[in-house]
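I opened my notebook today to look up a few things in a structure. Here is what I worked from.

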Amino acid sequence: MQALVQELAHRKVNVEDATYDKISMADYFSAAALTTIDIAGGPRALDEFVWGRKDATQADLGNVDNIPTENNYRSNMEAKGFTNEEIVALASVEAFSVVQDPAKVRWLSNPVISNYYYKALLTGQDDLPLQNALLNDADLKEYVDKFAEDNKEYFASF
């Protein structure tokens, strides 16, 4: 990703016929994330992606305190407007490529998006990303159970 950012920065300064008036770094990162999700077998969303942010007038790198952690995960995500179902669905991003189904991983060239993370949470494996935040909150655990049971439900919420 850093190489992409460097190349884009170089092109914006040095390439005369390149047009970047409606494309921000946020656009590139969002498109990269959506492409990764698609390649990993997740829901296809890039077709609906709209380039050019309308809600920002200047670049803002934000504050590191805005990044969710195990200790503030639910409150942080709620403050951003996510529902409990969306909070649990997005938690799988923290486990992407880290928690993989051992029965399938040897046959795959890329990590895949599936509900295996939620199944692993329920089996009691130690040290999974956001494990305590999701399992020790009854409202969130309800969705862990739902997603572990049905991959289609997880995809619909993701």
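My entries below go from the whole chain down to single residues.

**Entry 1: the overall build.** I noted to begin with that this is a predicted model. Then I looked up the secondary structure, and the protein chain has nine helices and zero strands. Reading from the N terminus, I wrote the order down as α-α-α-α-α-α-α-α-α.

**Entry 2: surface and inside.** How much of the protein chain counts as buried? I found 27% of its 158 residues. The accessible surface came out at about 10700 Å², and carbon and sulfur atoms hold 50% of that.

**Entry 3: contacts along the chain.** I looked at contacts with a separation of 6 or more in the protein chain, and 53% of them join residues 24 or more positions apart.

**Entry 4: helix 6.** Helix 6 covers residues 116-123. Which of its residues are buried? I listed Tyr116, Tyr117, Tyr118, Ala120 and Leu121. Just after helix 6 I came to glycine 124, which has a positive phi of about 90°.

**Entry 5: serine 157.** I went on to helix 9, which spans residues 151-157 and contains serine 157. Is serine 157 buried or exposed? Its relative accessible area is 17%, and buried means under 20%, so I put serine 157 down as buried. Next I asked which residues serine 157 touches, leaving out those up to four places away in sequence. My list reads Glu85, Ala89 and Phe147.

Technical notes. Residues numbered from 1 in each chain as written. Predicted model: local features only at pLDDT ≥ 70, side-chain atom pairs only at ≥ 80, totals over all residues. Heavy atoms only, no water. Helix = DSSP H or I, 4+ residues; strand = E, 2+ residues; numbered from the N terminus. Buried < 20%, exposed > 50% of the residue type's maximum accessible area, 1.4 Å probe, protein only. Contact = heavy atoms within 4.5 Å. Areas by Shrake-Rupley, 256 points an atom, 1.4 Å probe, with all protein chains shown as cover.
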